[in-house]
Amino acid sequence: SDAPDKHPATTKDLEEGDTWLGRLETQNSGSSGSGAATEHNQRNVAPEYEPPSEEGGKKSVDISTQTDSRKKKKRPKAEEDHRKRGHRFLCCCDSKRAVIYLNLIILLLNLFTFIVTVIKADPAMEGYLRVMIIRGSGLVVTLCTILGAYWYSQGIVAVGLAFTCYLLAMSTLEVVRYDWTPGAYNEDPLIQIIFPLVWNCLIFYADAVFIVEVSDGTITPENYKRRERWSCCCFLWDSIV
């Protein structure tokens, strides 16, 4: 048989052992709790600031540059609507006013010469009828051209352009027939030969530009006063033309 223990465990020894085990469990739970708290704190700590890399800086600069360029390209709609797109006739006025002004001047001049011819010329004179027909037709066509420009009518202004082509051809013939030899005799003075040619060229230019701008929609009754009306000095005509 086995020999009995020399020092049998007493109740006091058991109580001390239980106390020691309880302390050990408390220490273990405290150490585990401190580890979890440390991990939780590490997760909640904000990451340290890292300066942007060179590539990231370039990308941000490129994005800001593209944004600025897009803002520059996108102009306000109101500014685009009020910016003139049509032609400036000799840097003086728009094509509509050019047609009206030039034809108005020639209308008054033809009216004056027509009245003078009726008063002073002899009806029995050779070529009298031809001169009166040409001057009378010129008055009617010039007046219609002015109204056509005021009404934005391509057809009416085209009729005036065709008549201007006829006058331009006649003026060119007069220049060719003129004797440019020094001291030579000419029936008509030089100014009477050069002026019709230059003036008809200007009228042809104005009529042609006006017809093109009306046909492609650059000038319309809706946008003329808002955008296309332009003049360097004739601001008194703004309420009329």
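Reply: Leaving aside its neighbours within four places in sequence, S95 is in contact (heavy atoms within 4.5 Å) with H87, A206, V209, F210, E213 and I219. Before going further, please keep in mind that this is a predicted model, in which local features need pLDDT of at least 70 and side-chain atom pairs count only at pLDDT 80 or more, while totals for chains, interfaces and linings use all residues. Residues are numbered from 1 along each chain as its sequence is written, and side-chain values use heavy atoms, with hydrogens and water left out.

S95 belongs to helix α4, where helices (H or I, at least four residues) and strands (E, at least two) are DSSP runs numbered from the N terminus. With a relative accessible area of 1%, S95 counts as buried, a word that means under 20%, whereas exposed means over 50% and partly exposed lies in between (1.4 Å probe, protein chains only). One of its contacts, E213, also meets S95 side chain to side chain in a polar contact of 2.8 Å; such a contact is a pair of N or O atoms within 3.5 Å, of which, within protein, one must be able to donate a hydrogen and the other to accept it, and residues adjacent in sequence count only if both atoms are side-chain atoms.

Elsewhere, charged side chains are paired as well. The structure holds three salt bridges, each a side-chain nitrogen of Lys or Arg within 4 Å of a carboxyl oxygen of Asp or Glu. One of them joins R97 to D94, with the closest N and O atoms 3.9 Å apart, and both of these residues are buried. Another joins E228 to K84, where the closest N and O atoms are 3.1 Å apart. This pair links distant parts of the chain, since E228 sits in helix α8 (residues 224–228) and K84 in the loop between α3 (77–81) and β1 (88–89), 144 residues apart. E228 and K84 are both buried. E228 also meets R227 in a salt bridge of 2.7 Å, N to O, and here again both partners, E228 and R227, are buried. Through these shared partners, K84, R227 and E228 are joined into one network.

Apart from neighbours within four places in sequence, T142 is in contact with N103, I106, L107 and N110. The C-alpha atoms of T142 and T164 are separated by 9.3 Å, although the two residues are 22 apart along the chain.

L90, in the loop between β1 and β2 (93–94), has a positive phi of about 50° although it is not a glycine, and it is exposed, with a relative accessible area of 54%. Y152, in the loop between α5 and α6, has a positive phi of about 60° and is likewise not a glycine, but Y152 is buried, with a relative accessible area of 17%.
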